[in-house]
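Colleague: I have just opened the file and would like to go through it with you. Could we begin with how the elements are named?

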Amino acid sequence: MTTLADATASAPARDRGGFAALDSCVHCGFCLQACPTFLATGDEADSPRGRIELMRALEHGELAPNDPFVATHLDRCLGCRGCEPVCPSGVGYGQGLEAARELIAQSRPLPWIARAALTAFTSPGLSPVVYALARVLRATGIPRMFAGWGKFQFAMAMLAATKPIRRVGGRAGSRTGDRPPAYPPARPPVLLFRGCIMDGFFGHVHEATIRTLEVNGYEVREVSGQVCCGALHVHAGLPGEARAFARRNVAAFGDGDEPIVVNSAGCGAAMKEYGHLLGGPEGQKFAVRVRDVTELLAERGPVPGAPVDVRVAYDPPCHLLHAQRIAKPPLQLFEAIPVLQLVSTPDAAQCCGSAGLFTLVEPQMSRAVLDPKLASLREAAPQIVATGNPGCLMQLGAGLAAAGIAARARHPVELLDESYRAAGYYG
């Protein structure tokens, strides 16, 4: 006779997806002070610990995905994953959040502004046209004139923050010392991931990435057929669309062993999790090839450049520091620039409030998270705020302009590129 216990034991385990990553949470509360939204509201439901309870209730059917309370507090999560490094139990909060948002997305349509942004910025056929028109507007200088805190004004300030400038700091000195080391003719090849927003608005960062890697002994190769990494779709609860992009990227970059260099922290974090997203060996193999540009530069030194006299506040992107756990390589990059003065701010490791589409769909919370960071930057008085992610560059750049702080947001590689140019490494 078969008992209920026997039947239960022999039944296949239910695939719990990302929810299983939440099992180790013991409600200790170490995550609370690492959560920007909890610090902004003081509401337990806006903390990782509180949201984990909501996610568990969703998984078990105790709360419905269309419950307004659930949606409100999970929507207000930045997904910065600042809670993960401080968690003594190793909770995979990010995977749980993605699973919960997928359930919510199945029960309601995305906000129209989020769907419009995804279509405009990531569709292979449409996005090149959108970016081209935006760059034309950017070149007029009009967007910076409108910089402010209203929705339209802040959007214009974000566009203005993407504009390249020839000089990113103060006086650049002349080269001191010898040319870069003579690397062997067979330089290790790396494949450049261009992405969507990074390629559309920050082509100058790609150019700086190529030049600085070549100075440090790498051969940078282009790859055709690549598309958006899918990070924005995963964060929005659309893993199916993200998988479609991921599969195209896996096919485009092939099955070789060359490192895939990324200069966008959000893209790098997403691509390093292709094994989880795609659930197969191809995704796993692709993921281990993904390297942030600062990782590759640090492996070769990086080669010292000429002095650049500038005060820099480094604001590490959440998906570089918390998701990828990359902390030292960007600092090694700054150390390769003589005279550069690195100033610290107390909340540098906190999220800036960009978080992909978050600044569009949750502008009030986004600004509440950004405000204390801007206050710290005003006091520190840097000339440059350096960060390695396009959303962060736009959010911080817009915030600095709106707040009237005399500083600009720039990618760390741009600073090294200027140092190398002053050193005469480019001929």
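This is a predicted model: local features need pLDDT of at least 70, side-chain atom pairs count only at pLDDT 80 or more; totals for chains, interfaces and linings use all residues.

Colleague: Understood. Where does His-27 sit in that scheme?

Modeller: His-27 is placed in the loop between α1 (4-10) and α2 (36-41). Its phi is near 60°, which is a positive value in a residue other than glycine.

Colleague: Is His-27 buried, partly exposed or exposed, and why?

Modeller: His-27 counts as partly exposed, because its relative accessibility is 33%.

Colleague: What is the phi of Arg-325?

Modeller: Arg-325 has a phi of about 60°, again positive although the residue is not a glycine. Arg-325 belongs to the loop between α19 (318-323) and α20 (328-335).

Colleague: And the peptide bond from Gly-301 to Pro-302, cis or trans?

Modeller: That bond is cis, with omega near -5°. Pro-302 lies in the loop between α18 (293-299) and β5 (311-314).

Colleague: Changing topic to the cysteines: how many disulfides does the structure hold?

Modeller: The structure holds 0 disulfides.

Colleague: What about Cys-392?

Modeller: The sulfur of Cys-392 lies 4.0 Å from the closest cysteine sulfur, which is in Cys-352, and this too is too far for a bond. With a relative accessible area of 9%, Cys-392 is buried.

Colleague: Which helix holds Cys-392?

Modeller: Cys-392 is in helix α23.

Colleague: How do α22 and α23 pack?

Modeller: Helix α22 (residues 363-380) and helix α23 (residues 390-402) pack at an angle of about 65°, and their axes are 10 Å apart. That angle makes α22 roughly perpendicular to α23. Their crossing is right-handed.

Colleague: And α12 with α24, what is the geometry there?

Modeller: The axes of helix α12 (residues 203-215) and helix α24 (residues 412-422) come within 9 Å and cross at roughly 55°. The two helices are therefore oblique to each other. The crossing of α12 and α24 is left-handed.

Colleague: Let us turn to the aromatics. How many pairs are found?

Modeller: A search of the whole structure finds 10 aromatic pairs. One of them joins Phe-121 and Tyr-131, whose ring centres are 5.8 Å apart and whose planes are at 15°, so this pair is stacked. The pair links distant parts of the chain, with Phe-121 in helix α7 (residues 112-122) and Tyr-131 in helix α8 (residues 127-139), 10 residues apart.

Colleague: Are Phe-121 and Tyr-131 buried or exposed?

Modeller: Phe-121 is partly exposed, with a relative accessible area of 22%, whereas Tyr-131 counts as buried at 4% relative accessibility.

Colleague: What is the arrangement of Phe-193 and Phe-253?

Modeller: Their ring centres are 6.3 Å apart and their planes are at 40°, so the pair is tilted. The pair links distant parts of the chain: Phe-193 is in the loop between β1 (189-192) and α11 (197-201), and Phe-253 is in helix α14 (residues 239-253), 60 residues apart. Phe-193 is buried at a relative accessible area of 1%, and Phe-253 is buried at 5%.

Colleague: Which residues form a cluster with them through ring pairs?

Modeller: Ring pairs link Phe-193 and Phe-253 with Tyr-274 and Phe-286 into a cluster.

Colleague: One last topic: which rings have Arg-367 and Arg-211 over them?

Modeller: Arg-367 lies over the face of Phe-154, at 3.8 Å from the ring centre. The charged end of Arg-211 sits over the ring of Tyr-426, 5.7 Å from its centre.

Notes:
Residues are numbered from 1 along each chain as its sequence is written. Side-chain values use heavy atoms; hydrogens and water are left out. A disulfide is a pair of cysteine sulfur atoms within 2.5 Å. Buried means under 20% relative accessible area, exposed over 50%, partly exposed in between (1.4 Å probe, protein chains only). Rings of Phe, Tyr and Trp (its six-membered ring) pair if their centres lie within 6.5 Å; planes under 30 degrees apart count as stacked, over 60 as edge-to-face and the rest as tilted. Helices (H or I, at least four residues) and strands (E, at least two) are DSSP runs, numbered from the N terminus. A charge sits over a ring if NZ of Lys or CZ of Arg is within 6 Å of the ring centre and within 35 degrees of the ring normal. Axes are lines fitted to C-alpha atoms, for helices over the stretch in contact, and angles run from 0 to 180 degrees between N-to-C directions. Angles under 35 degrees count as roughly parallel, over 145 as roughly antiparallel, 65 to 115 as roughly perpendicular and the rest as oblique. A crossing is left-handed if the near helix is turned anticlockwise from the far one by less than a right angle, and right-handed if clockwise.
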